[in-house]
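Take a look at the sequence and the 3D view, then read on.

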Amino acid sequence: MSSYRDLDIYKIGLELFYIVHPASLKLPKYEMYELGSQIRRSSDSVVTNIVEGYGRKAYKAEFIRFLTFSWSSCLETVNHLEKINHLYRGIISNNEDLIIKYNELSSKIFNFIKYVEQNWKT
């Protein structure tokens, strides 16, 4: 692994962000700066915290800290998707699929955190 770009969790998170961001723009105008903004920020945070954590990978505790931020942002994104699904069913056509993919990503991030805790050498 020579870059954060080699991490599957980064690749998946970025791919999902590129789906969620434009999908969030389909929400009603009054949600653009509320729920829309929240989901854009949390989905971006998943990826951004992986990158920032990787930049601190020489310090195991810092790497884990930022991976944990990424994991919690992933969970937050699932929550926002669930709210959108309930309040605006059908506005994001693949919403339920996104929820499944973010839940899978959440598991991958969690497992990577465990891997780093047990195997990372600083």
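A residue is called buried here when its relative accessible area is under 20%. N49 comes out at 10% relative accessibility, so N49 counts as buried. Keep in mind that this is a predicted model.

**Helix α4 on its own**
- Which residues of α4 are buried? They are N95, L98, I99, Y102, L105, S106, I109, F112, I113 and V116.
- The cover over these buried residues includes α1 (8-24), α2 (35-55) and α3 (60-87).

**α4 against α3**
- As a reminder, a packed pair of helices is described by the angle between the two axes and the distance between them.
- The crossing of α3 and α4 is left-handed.
- Sorted by class, the contact of α3 with α4 has 18 nonpolar, seven polar and four charged residues.

**α4 against α1**
- The crossing of α1 and α4 is left-handed.
- On the α1 side, the contact is made by I9, I12, G13, L16, F17, I19 and V20.
- On the α4 side, the contact is made by L98, K101, Y102, L105, K108, I109 and F112.
- By class, the residues of the contact of α1 with α4 split into 11 nonpolar, one polar and two charged.
- Some of these α4 contact residues are also on the buried list, among them L98, Y102, L105, I109 and F112.

- Where does N49 sit? You'll find N49 in helix α2.
- Leaving out residues up to four places away in sequence, N49 touches F66, F69, S70 and S73.
- R5 is in the segment before α1.
- Not counting residues up to four places away in sequence, R5 touches Y10 and K11.
- R5 and D97 are 92 residues apart along the chain, and their C-alpha atoms are separated by 24 Å.

Conventions: Residues are numbered from 1 along each chain as its sequence is written. This is a predicted model: local features need pLDDT of at least 70, side-chain atom pairs count only at pLDDT 80 or more; totals for chains, interfaces and linings use all residues. Side-chain values use heavy atoms; hydrogens and water are left out. Buried means under 20% relative accessible area, exposed over 50%, partly exposed in between (1.4 Å probe, protein chains only). Helices (H or I, at least four residues) and strands (E, at least two) are DSSP runs, numbered from the N terminus. Contact means heavy atoms within 4.5 Å. A crossing is left-handed if the near helix is turned anticlockwise from the far one by less than a right angle, and right-handed if clockwise. Ala, Val, Leu, Ile, Met, Phe, Trp, Tyr, Cys and Pro count as nonpolar, Asp, Glu, Lys and Arg as charged, and the others, Gly among them, as polar.
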